[in-house]
Amino acid sequence: LAPAQGAAPTLLSAPALRSAPGADAPKPGDAVKPAEDITISFSPKLLLAQGETVRLAMPDFRGRSSRSVRVTSTPANAVVTAAWSTESKELLLVMGYAIPANATVRLIVHADAGVRRTTAPASP
């Protein structure tokens, strides 16, 4: 997924999805939760142009890279294409139309995309 001609991708990182440095590396005993729908909401601080690529950092998630991830967005068609990168642990989103600054976009990444949250084992 390439950004619009001459535009750099926008990187968003939701605080609730962040992890401590180095926590994204697999560790013995780590578990991966079963597949379930993932709901994400974000509000851009600046206008997102139609066709712009947004990179959503999700360091606590895993899954096989895919150029086509099934998502549903609200408002409808706010996101028209989504892809998952295993290497960067980012969800790449292509905006279907311009999203004004401070507008809320809600996104559901469907379970069949295979993206799952990684959990560390419980402390004894």
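Three strands form an open sheet in the order β3-β9-β6, with antiparallel pairing; strands are DSSP runs (E, at least two residues) numbered from the N terminus, and two of them pair if DSSP finds at least two bridges between them. β3 (38-42) and β6 stand at the edges with a single partner strand each, so one side of each has no neighbour in the sheet. On average, neighbouring strands here are turned by 20° against each other, direction ignored; the axes behind such angles are lines fitted to C-alpha atoms.

This is a predicted model, in which local features need pLDDT of at least 70 and side-chain atom pairs count only at pLDDT 80 or more, while totals for chains, interfaces and linings use all residues. Residues are numbered from 1 along each chain as its sequence is written, and side-chain values use heavy atoms, with hydrogens and water left out.

Four bridges join β6 to β9 (residues 105-109), and the two run antiparallel. Val71 stands opposite Val109 in β9, and Thr72 has Ile108 as its bridge partner.

The protein chain as a whole has ten strands and zero helices. Of its 124 residues, 35% count as buried, meaning under 20% relative accessible area with a 1.4 Å probe, protein chains only. Among contacts (heavy atoms within 4.5 Å) with a separation of 6 or more, 75% are between residues 24 or more positions apart.

Methods
Axes fitted to C-alpha atoms, helices over the stretch in contact; angles between N-to-C directions. Buried < 20%, exposed > 50% of the residue type's maximum accessible area, 1.4 Å probe, protein only.
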